[in-house]
Amino acid sequence: MEEYYRYHDLKGEARKSVRYDERNDNSLPVSAHKLLFILSYIKENPNQAYHGAVFGMNQGKQYPLGVSLWVRQLSTLLKEASRRMEKLLQRSADQLYYVLNKCLTTALLIDVAERRIGRSADYQVQKEHYSRKKGTHTLKNLVITTLTQEVLYLGETFEGRVHDKKMYDQAELKFPEQDQSLWPAPR
């Protein structure tokens, strides 16, 4: 992030001269604030007006940067940093197989992450998203992690009514011929 802002301004345009320190007059003055901003936005998925109020900024696209411009800029930087660190989540079975071949970990955890969504006005959509297990309307993804909680694989998104085993079967995951064990995550 610091490297990017040395050569680009807050709007993402190339600087005329290199800048070596962060500006403290913008809405997210230091790298730690920027990281907290984008990670909390990704995790909580709030509406932009609320997220802007929490971080003391507007929602618009004008200077000083509003929530939408910060989200667009910082999510791109986060994805690039994750790619450089080889920490991008795998979304296909073939990519997961490649990662597991390089993985030194012998034990992996598998679970389904379920998150609540708003109840739809359409009855048919309600039925599809209703999870008996959680007693509410949800979306869910199959997740494979290491014991240190590093996420290796994030599967396709399913409606809440889809059974966990069916999600696993549809993922068609392949595992290398190594000494790796796949365990259900503890509850």
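Me: Which residue forms a salt bridge with Asp 169, and how far apart are the closest N and O atoms?
Reply: This is a predicted model, and in it Asp 169 forms a salt bridge with Lys 165, with 2.8 Å between the closest N and O atoms. Both residues lie in helix H7, where they are four residues apart, or about one turn of the helix.

Me: Which residues are joined into a network by salt bridges that share partners?
Reply: Lys 133, Lys 140 and Asp 164 are joined into one network in that way. The closest N and O atoms are 3.1 Å apart for Lys 133 and Asp 164, and 3.0 Å apart for Lys 140 and Asp 164. Lys 140 is in strand S3 and Asp 164 in helix H7, so that this pair links distant parts of the chain, 24 residues apart.

Me: And how accessible are Lys 133 and Lys 140?
Reply: Lys 133 is partly exposed at 47% relative accessibility, whereas Lys 140 is buried, with a relative accessible area of 3%.

Me: OK, strands now. In what sense do S3 and S4 pair, and over how many bridges?
Reply: Strand S3, residues 136-146, pairs with strand S4, residues 151-159, in the antiparallel sense over six bridges. Within this pairing, Ile 144 stands opposite Tyr 153 in S4, and the two strands form a hairpin with four residues between them.

Me: Where is Glu 172, and what is its phi?
Reply: Glu 172 is found in the loop between helix H7 and strand S5, with a positive phi near 50 degrees, and it is exposed at 61% relative accessible area.

Me: Last topic, aromatics: how many pairs are there?
Reply: The count comes to one aromatic pair. The ring centres of Phe 37 and Phe 55 are 5.1 Å apart and the planes stand at 80 degrees, so the pair is edge-to-face. Phe 37 lies in helix H2 and Phe 55 in the loop between helix H3 and helix H4, so the pair ties together parts that are 18 residues apart in sequence. Phe 37 is buried, with a relative accessible area of 0%.

Methods. Residues are numbered from 1 along each chain as its sequence is written. This is a predicted model: local features need pLDDT of at least 70, side-chain atom pairs count only at pLDDT 80 or more; totals for chains, interfaces and linings use all residues. Side-chain values use heavy atoms; hydrogens and water are left out. Rings of Phe, Tyr and Trp (its six-membered ring) pair if their centres lie within 6.5 Å; planes under 30 degrees apart count as stacked, over 60 as edge-to-face and the rest as tilted. Buried means under 20% relative accessible area, exposed over 50%, partly exposed in between (1.4 Å probe, protein chains only). Two strands pair if DSSP finds at least two bridges between them. A salt bridge is a side-chain nitrogen of Lys or Arg within 4 Å of a carboxyl oxygen of Asp or Glu.
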